[in-house]
Amino acid sequence: TLSMATAAPERATAAVRPVFDLNEWRQYQSADFIATRNSLMTAAALATGAARVPAHIDLARFYLARGFYVEAKGILDVVLAEMKAGEEDASVLMLHAAASALANRPEIALADLANPVVAGNLDSQLWKALAYARQGKWWDVREKFKNVEFSVTALPLDLQRIVIVEAFRAALEVRDYRSAAVRSNDLDVVCVPPEQ
């Protein structure tokens, strides 16, 4: 991240910007589902020009906050299909990668994260770890999770739980019991609900 900031100052802010806004996430979770979805769908359908991408991103973020990962991926598929190769938007790619990893489409997530637009982003390591977990590549998962503590704590609690569970499992799979104990404590902190 520091090397990128030195080499390309105009992209330095993109390297550290969080993928999810926690206040927006909470608002989407507590909002009336049908009314909010219909409003966001209408805005996305009617948006033209420069407003089109942000309107679709808002709808995808809503779906992600409500746990509709496949639907979020579908909305972002539309946005990416309309972009020319080499002109991809970093926020769209990161959200698409996150939605793909959460929707158990790790190959798609890894392809997104290999794009140079987001490859150097610190958050990309977190989503790579989750994609590798979906593939059962536990050594890779453990290595990727080593340096993403800041990215994990910046996530909404629902996503923190998913990520920590995968990190916990990876530690157990590779018999790194010290890391497993740390992840177990992390799970206690984020209060895993009974259904999980």
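Select Ser124 and show its surroundings: leaving aside residues up to four places away in sequence, Ser124 touches Met94, Leu113, Val118 and Ala119, where contact means heavy atoms within 4.5 Å. Ser124 is found in helix α9, residues 122-135; helices here are DSSP runs of H or I with at least four residues, strands are runs of E with at least two, and both are numbered from the N terminus. With a relative accessible area of 0%, Ser124 is buried. Buried means under 20% relative accessible area, exposed over 50%, and partly exposed in between, with a 1.4 Å probe and protein chains only.

The model is predicted, so local features need pLDDT of at least 70 and side-chain atom pairs count only at pLDDT 80 or more, while totals for chains, interfaces and linings use all residues. Residues are numbered from 1 along each chain as its sequence is written, and side-chain values use heavy atoms, with hydrogens and water left out.

**Colour by confidence**

Colour the chain by pLDDT, the predictor's confidence in each residue from 0 to 100. The mean for the protein chain is 87, and 91% of its residues reach 70 or more. Where pLDDT is low, the predicted coordinates should not be read in detail.

**Helix α8**

Next, select Pro106, Ala109, Leu110, Asp112 and Leu113, the buried residues of α8. They cover an arc of only 160 degrees around the axis, which puts them on the same side of α8; the arc is that of the directions from the helix axis to the C-beta atoms. These buried residues pack against α6, α7 and α9. Turn to the face of α8 that points away from its buried side, and you find the exposed residues Glu107 and Ala111.

**Helix α6**

Move to α6, residues 69-82. This helix has 14 residues and reaches 20 Å from its first C-alpha to its last, close to the 20 Å expected at 1.5 Å a residue; the expected span is 1.5 Å times one less than the number of residues. Select its buried residues, Tyr69, Ala72, Lys73, Ile75, Leu76, Val79 and Leu80. Seen down the axis of α6, they fall within an arc of 160 degrees, so they line one face of the helix. What covers them includes α5 (52-65), α7 (90-102), α8 (106-113) and α12 (157-173).

Stay on Val79, which counts as buried at 4% relative accessibility. Not counting residues up to four places away in sequence, Val79 touches Val53, His56 and Val92. For a sense of scale, Val79 and Asn115 are 36 residues apart in sequence and 16 Å apart in space, C-alpha to C-alpha.

**The core and its rings**

A nonpolar core is a set of buried Ala, Val, Leu, Ile, Met, Phe, Trp, Tyr and Cys residues joined through side-chain atoms within 4.5 Å. Of the 58 residues in the largest one, Phe20, Leu64, Leu102, Leu126, Trp127, Phe145 and Leu159 touch the most other members. The largest share of this core, nine residues, comes from α7. Click on Leu102: beyond four places in sequence, its contacts are Leu64, Tyr69, Trp127, Leu130, Arg134, Leu159 and Ile162.

Rings of Phe, Tyr and Trp (its six-membered ring) pair if their centres lie within 6.5 Å; planes under 30 degrees apart count as stacked, over 60 as edge-to-face and the rest as tilted. By this rule there are seven aromatic pairs. The rings of Phe20 and Trp127 have their centres 6.2 Å apart and their planes at 70 degrees, so the pair is edge-to-face. The pair links distant parts of the chain, 107 residues apart: Phe20 is in the loop between α2 (12-16) and α3 (22-30), and Trp127 in helix α9. Both Phe20 and Trp127 are buried. Select also Tyr28, Phe33, Phe62, Tyr63 and Phe68, which form one aromatic cluster.

**Last stops**

Asn104, in the loop between α7 and α8, has a positive phi of about 60 degrees although it is not a glycine. Arg175 also has a positive phi of about 60 degrees without being a glycine; look for Arg175 in the loop between α12 and α13 (177-190). Arg175 is exposed, with a relative accessible area of 65%.
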